[in-house]
Amino acid sequence: MTKFFIYPVFFVCITITTKAQKKTIDQKVDSVLRLMTLDEKIGQMNQYNGPWAATGPLTGNDDIVTQIKQGKVGSMLNVTGVARTKELQQLAMQTRLKIPLLFGQDIIHGHRTIFPIPLGEAASWDLKAIELSARIAATEASAAGVHWTFAPMVDIGRDPRWGRVMEGAGEDPYLGSAIATARVKGFQGKGFGNIDALMACAKHFAAYGAAVGGRDYNSVDMSLRQLHEVYLPPFKAALDAGAATFMNSFNDLNGIPATGNSYLQRDILKGQWKFKGFVVSDWGSVGEMINHGFSKDNKEAAMQAANAGSDMDMESRSYLPHLAQLIKEGKVKMVVIDDAVKRILKKKFEMGLFDDPFKFSDEAREKAQWNNTTHLEVSKDMAKKSIVLLKNEKQILPLSKQTKKIALIGPLVKSIKDHLGFWSYDWDDDTARIPSLYDAIQTKLGGNSNLLYSKGCNIIDTSKAGFAEAVATAQQSDIVIMYVGEHRAMSGEAKSKSNIQLPGVQEELIKAIHATGKPVVVIIGAGRPLIFNWTANNVPAIVYSWWLGTKGAEAIADVLFADYNPSGKLPMTFPRTEGQIPVYYNYYKTGRPAANDSDVNYVSAYIDLPNSPQYVFGYGLSYTSFNYSEIELSKTSLKGNQTLTASVTVSNTGNYDGEEVVQLYLRDMVASVVRPVKELKGFQKIKLSKGERRKVSFTITPEELKFYNTDLKYSWEAGDFQVMIGGSSTDVKTGKVSWVK
Ligand code: BGC
């Protein structure tokens, strides 16, 4: 049933509803567009931040309420909750044409129920779980009046100095594309028109993660071949999965700011890829083209951004004051405005907002979702799957629930909010829902164990005043669990770091506790790969737990005491020092490759450091062990479009049931351009009971052999290929095939 509430311009209703019921959405969009003045059109291209929250610098204090009533605003960000969104939507209903507002928000890893940070989720390699996490975020956010999330961030991250690696899926284009697809599907659910669908936004288009020096907002200069091969695939995957919108980025790419970049937005996205949604600028990125020295003033910035295909201006306040004049001067064509407005209106129609602008304004639904305890269980499940076991010498883990005296030491042991990570705001503010690790272990063990606690030190300051007490606490225990790392706001936007060592004196605390001779388990919570070489070399058991969300501490406790067998694998390489960065597994072949880590004789190597990182991409242990058979290939010589099947038999040879991520890599031996040493081309996460074995097969076609040549043509070349299958990017079994055209 079509509803129009307080729609006074009645003839508009009639145009849109009665006859239009049978119209396609495009026809409906056209009929609204025909009624619009230029100012109303420009209003649709304008997005403001809600006055209550800011995720960037505020540009002005315009009277937003008046402007909404005047039809000068098409969308608001950072407005959440039924009460507030409804209030603003009511203002939009006072405009001449009653075009509803779109409410956007960064729903990055959960809304009320917080899930692991996206990099953590990526470590699960579990696409179904990741999709479900996004689905639940969408269910909660849409119930709170939000229509649109600025997620997923699909930027490839090869530089852990860049704080925003926490927000992506890591370093690999194949894994990144699979996860982008899962997240878009999860957010958008069964499709627009459904009450729990949230519009997704693939961001930041493009190459934002390759900022020079890992410094946020910095320049990017890269070959177009690398752009297409490494940085663009997750965006294309998001688009193919139906992403409603794209966000451009703060960086310039090869000299042209992404926001004013027609090659990216017009040629690739809207041209070659035929994207039908709309592009929103990043926060203030239109106006920032002045700082880039690309636009002389706000007016020129508006012209360049609109002409380059940025459809909506987020918080720059460049479009509203200048586009009408630019049209008069012929510097922006009407078709540019019409195209942008049509794209925006189309999404509003698809979301059902023209039918019912208050569709997402149901207080009862909001309340029910706010306290949905099933979501907590799903969040905990995702959290367990995201944990990576980095080291477990002498099977020190899992711990017995009968352990008499456990010392819990470290600055994160009693921490609560840190579990939520960056980009979680304070929605989950009910601390009773968020246990600390101390609480979670106490609850799990009940009266069985005596828990001792000492903080030892803080996260970032250098005081060692608490060391003595921590050492004394350790001495009284049977085993020590240390929980160290970053605090939640140390990784995220504008959180670049030149030093990514375990902060403060935490590693010294680990040394002091280790010196007691007690068995030590170190848990590291962080939003990025950190460096902790001493710990990696000396401590017998290390668990990497990222930030795992509302139920994160319970998930860690489950892993420590064998209620869950860890199965995560690293989605990013962990360097030994910052000097190795950028560091990633799929580097290009050099003319002087080092034979091994000690080979430094006029080869591509450091004389003061092994080439290998501390932990490789795809690495992660389990409490059980997996054995891989040699690779079985269906053929070793192939022709044209034939299909190759590559298989291994994986056996669970340990004492626990467990899950393993079986990874397929390919290496193109000789090609017309230099190719990476290996590239991930497939993976399967399998569950094997103790003693069980299973054949795992991958199908390889010429599609998997394709790459961008010097003319940016995506095709494959005949030749020899190595096929590798294993449990990480370096621990693989290898076979060889030749493939002719
Ligand atoms: C970030 C975006 C985010 C936007 C709105 C910007 O600073 O780069 O990723 O969506 O703010 O919060």
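Reader: What makes L705 one of the residues that S715 touches?

Author: This is a predicted model, and a contact in it means heavy atoms within 4.5 Å. S715 touches L705, K706, F707 and N709, leaving aside residues up to four places away in sequence.

Reader: Where is S715 found?

Author: S715 is part of strand β25, which covers residues 714-715.

Reader: Why is S715 called buried?

Author: Buried means under 20% relative accessible area. S715 has 18%, so S715 is buried.

Reader: How far is S715 from M289?

Author: Their C-alpha atoms are separated by 36 Å. Along the chain, the two are 426 residues apart.

Reader: What is the phi of N254, and where is N254 placed?

Author: Phi is near 50 degrees, a positive value, and N254 is not a glycine. N254 sits in the loop between β7 (252-253) and β8 (256-257).

Reader: Is K274 buried or exposed, and how do you know?

Author: Exposed means over 50%. K274 has 56% relative accessibility, so K274 counts as exposed.

Reader: What kind of peptide bond runs from A151 to P152?

Author: That bond is cis, with omega near 5 degrees. P152 is in the loop between β4 (148-149) and α8 (173-188).

Reader: What is the omega of the peptide bond from L397 to P398?

Author: Omega is near -5 degrees, and this bond is cis. P398 lies in the loop between β11 (388-392) and β12 (405-409).

Reader: What is a disulfide?

Author: A disulfide is a covalent bond between the sulfur atoms of two cysteines.

Reader: Why does C201 count as buried?

Author: The cut-off for buried is under 20%. C201 is at 0% relative accessibility, so C201 counts as buried.

Reader: What makes C457 buried?

Author: The relative accessible area of C457 is 5%. That value is set against the cut-off of under 20%. C457 is therefore buried.

Reader: How much of the chain counts as buried?

Author: Of its 741 residues, 62% count as buried. The accessible surface of the chain is about 26,600 Å², and carbon and sulfur atoms hold 51% of that surface.

Reader: Why does the radius of gyration agree with a compact globule?

Author: A compact globule with 741 residues would have a radius near 27 Å. The chain has 27 Å, so the value agrees. The C-alpha atoms fill a box of roughly 80 × 65 × 45 Å along the principal axes.

Reader: How many helices and strands does the chain have?

Author: The chain has 21 helices and 27 strands. Among contacts with a separation of 6 or more, 79% come from residues 24 or more positions apart.

Reader: How far apart are the mean positions of the positive and negative charges?

Author: They are 4 Å apart, for 86 positive and 77 negative charges.

Technical notes:
Residues numbered from 1 in each chain as written. Predicted model: local features only at pLDDT ≥ 70, side-chain atom pairs only at ≥ 80, totals over all residues. Heavy atoms only, no water. Helix = DSSP H or I, 4+ residues; strand = E, 2+ residues; numbered from the N terminus. Rg over C-alpha atoms; globule rule 2.2 N^0.38 Å. Buried < 20%, exposed > 50% of the residue type's maximum accessible area, 1.4 Å probe, protein only. Areas by Shrake-Rupley, 256 points an atom, 1.4 Å probe, with all protein chains shown as cover. Lys, Arg positive; Asp, Glu negative; His and termini not counted. Charge placed at Lys NZ, Arg CZ, Asp CG, Glu CD.
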